[in-house]
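Hello,

Here is the structure I promised to pass on. Please open it and follow along with the notes below.

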Amino acid sequence: MLKVWKMKKQQASDEKTKPRNSAAKIRIQKDISELDLPSSISITFPNEEDLLKFEVVIKPDEGYYKNGSFHFRFSISENYPHDPPKVQCTQTIYHPNIDLEGKVCLNILREDWKPVLNLNSVLIGLQFLFLEPNPDDPLNKEAASELRSNLQSFKRKVTRSMGGEYMDNVYYTKVTV
Amino acid sequence: MKIIVKSITAHAKWAWKTTTNDICGICRLDFEACCPDCLYPGQTCQIVEGACGHIFHVHCIDKWLNSENSQNLCPMDRLAWKKLQ
């Protein structure tokens, strides 16, 4: 019995001294090492010590947004993978599912997030938004209704906005390279 | 011939009885390792199987089921989570 107490004490003191990586860090490290991305998606770490914050660039190789280079800031909360990654577009772009402040509407980043999803699935999902913008789940309602009602005009507006210019009093970031 | 055994070192290997994959889909660590919130594997960090056949660390699945988003669904297949007895 005495020995059990001794062991318990030892365990408790181990707990205090053992340097612990947070669950979120352990998990994101795994996610990063398992990334299997197409050449159209790249990821960079501004601070290599901090794996919870990074930047992602998507260069769609087909679709309305071809030739664009779209930048996103990712931030992983300490509650990952129970909370989804936070994703913000750092440019002002014309897209039915991304508003002018850069908020992104993607089901797996919100209501359909599950902890068994990983970073790879989020990045592929984000790229998919540029290949198939979804007018039924809009954040930029004007762009969504344009996509639904007048495809030609939508395409023109996408191309114009990507070149970097004023459209309806909004200055869109130049995203073409 | 006479042999005197001076010392022996015993080793043991243990594993949970599972039929399927060997990592927890939530934390992506081995079932035989502990969940990221625990320090020691084994009795204190057990695994649990759902009626759907998916297995997780008890702590991982409980944390998920307690979150608003989960709606009590298995994170793998979105079927209602029911603990297999």
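Start with strand β3 (residues 70–75) of chain A, where the side chains alternate. A:Phe70, A:Phe72 and A:Phe74 point to one face and are buried (under 20% relative accessible area, with a 1.4 Å probe and protein chains only).

A word on the source. This is a predicted model: local features need pLDDT of at least 70, side-chain atom pairs count only at pLDDT 80 or more, and totals for chains, interfaces and linings use all residues. Residues are numbered from 1 along each chain as its sequence is written, chains are lettered from A and ligands numbered from 1 in the order written, and side-chain values use heavy atoms, without hydrogens and water.

Now the sheet. Strands are DSSP runs of E, at least two residues, and helices are runs of H or I, at least four, numbered from the N terminus. Two strands pair if DSSP finds at least two bridges between them.

In chain A, four strands form an open antiparallel sheet in the order β1-β2-β3-β4. β1 (41–44) and β4 are the edge strands, each pairing on one side only. The twist averages 25° from one strand to the next.

- β1(A) and β2(A) share four bridges; A:Ile41 partners A:Ile58.
- β2(A) (residues 53–58) and β3(A) share six bridges; A:Ile58 partners A:Phe70.
- β3(A) and β4(A) (residues 86–89) share four bridges; A:Ser75 partners A:Lys86.

Best wishes

How values were computed
Buried < 20%, exposed > 50% of the residue type's maximum accessible area, 1.4 Å probe, protein only. Axes fitted to C-alpha atoms, helices over the stretch in contact; angles between N-to-C directions.
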